[in-house]
Amino acid sequence: MTKTLPDIDVHTDYTDPVRRLLSIGASPANDPAEWPDYAATYGLRSEHGTELIRLACDAALYGSDPDGTAVWAPIHAWRALGQMRAAASVPPLLTVLKSAGLDEDWTHTELPVVFGLIGSAAIPPVAAFISDQSQSTFPAATAIMGVKEIALRHPECRGECIDLLERTLERDGLTDPGLKGFAVSALIDLQAVEAIEVVRRAFRHKSVDLSIAGDIEDVEIAMRLRERRATPAPRYHVWPVSGSGQPGDQDLPRRLKVGRNDPCPCGSGKKYKKCCLV
């Protein structure tokens, strides 16, 4: 959370128990299994949903003192909303995602998990967000990761989620090849072999950025549909890394592909698929 605003009393606009989230402070665990049970721990209930949404979207808090506790409050709020399966929070959280800069790692890492926790009710607004051609690649790609999380956490939604990813691959026109690459990556993580013909067709049309999940042979190997390549591996370009630790100018010199499970070239220590790929 990047810019620091002048001193403001961010505590006066919220009431207990939502107000308590302003004083929790840092909670670096991205794994939802390590999140506190916000309802049990802080007394949050469904009737607090409106105030939690306001807290999760509070721009003043995003720009508050980076060494204070309040800057973490939106993260705690959206985690609570995910645990509560608060469907009404999805559209405003997508607005947060759209306005987040590339250095806002928390939004890109955790909002897919929040959408996944909410489940089927999140699918229509997330689908609309992805299909909106005005979206830039990375917010839409984060929403695609949300679709994957929904499918993983709610198996009854798997078919609907895979259909949504297939529609992203089948879209013509101005759809960013990078976005289609992220859709392929999500299908790989879901081992959605039932979508392979749609994936193959997208690659035949040369509409998929190869830097995300590789070419069709890489995809088939990842989906366990073939054991090895039949042709020499092409030279791919990766999403070059800017100073923010996120993909930058695609006009930089081409390099050999970084595998999804390789260490991320940004130096974070995470796997590429868990870091700058997302």
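Student: Why is the pairing of Arg 200 with Glu 220 called a salt bridge?

Tutor: The term asks for a side-chain nitrogen of Lys or Arg within 4 Å of a carboxyl oxygen of Asp or Glu, and here the closest N and O atoms of Arg 200 and Glu 220 are 2.8 Å apart, so the pair meets the rule. Arg 200 lies in helix 11 and Glu 220 in helix 13 (residues 216-222), so the bridge ties together parts that are 20 residues apart in sequence. Helices are DSSP runs of H or I with at least four residues, strands are runs of E with at least two, and both are numbered from the N terminus. Please keep in mind that this is a predicted model, in which local features need pLDDT of at least 70 and side-chain atom pairs count only at pLDDT 80 or more, while totals for chains, interfaces and linings use all residues. Residues are numbered from 1 along each chain as its sequence is written, and side-chain values use heavy atoms, with hydrogens and water left out.

Student: How do you know whether Glu 220 counts as buried or exposed?

Tutor: Buried means under 20% relative accessible area, exposed means over 50%, and partly exposed lies in between (1.4 Å probe, protein chains only). Glu 220 has 7% relative accessibility and therefore counts as buried, whereas Arg 200, with 23%, is partly exposed.

Student: What makes Arg 200 and Glu 197 about one helical turn apart?

Tutor: The two residues are three places apart in helix 11 (residues 196-204), which means that about one helical turn separates them.

Student: Which residue forms a salt bridge with Asp 218?

Tutor: Asp 218 meets Arg 229 at 3.1 Å, N to O, and this pair links distant parts of the chain, with Asp 218 in helix 13 and Arg 229 in the segment after helix 13, 11 residues apart. Salt bridges that share partners join Asp 218 and Arg 229 with Glu 197, Arg 200, Asp 215, Glu 217, Glu 220 and Arg 226 into one network. Asp 218, with a relative accessible area of 18%, is buried, while Arg 229, at 21%, counts as partly exposed. A search of the whole structure finds 14 salt bridges.

Student: How many aromatic pairs does the search of the whole structure find, and why is the pair of Phe 138 and Phe 182 called edge-to-face?

Tutor: The search finds three aromatic pairs. In this one the ring centres of Phe 138 and Phe 182 are 6.2 Å apart and the planes stand at 70°, so it is edge-to-face. Phe 138 in helix 8 (residues 137-153) and Phe 182 in helix 10 (residues 177-189) are 44 residues apart. The rule takes rings of Phe, Tyr and Trp (its six-membered ring) as a pair if their centres lie within 6.5 Å, with planes under 30 degrees apart counted as stacked, over 60 as edge-to-face and the rest as tilted. Both Phe 138 and Phe 182 are buried.

Student: What makes the buried residues of helix 7 line one face?

Tutor: In helix 7 (residues 123-131), the residues Ile 123, Val 126, Ala 127, Phe 129 and Ile 130 are buried. Seen down the axis of helix 7, these buried residues fall within an arc of 160°, so they line one face of the helix; the arc is taken from the directions from the helix axis to the C-beta atoms.

Student: What makes Gln 191 stand out in its phi?

Tutor: Most residues other than glycine have a negative phi, yet Gln 191 has a positive phi of about 50° although it is not a glycine. Gln 191 lies in the loop between helix 10 and helix 11 and, at a relative accessible area of 25%, is partly exposed.
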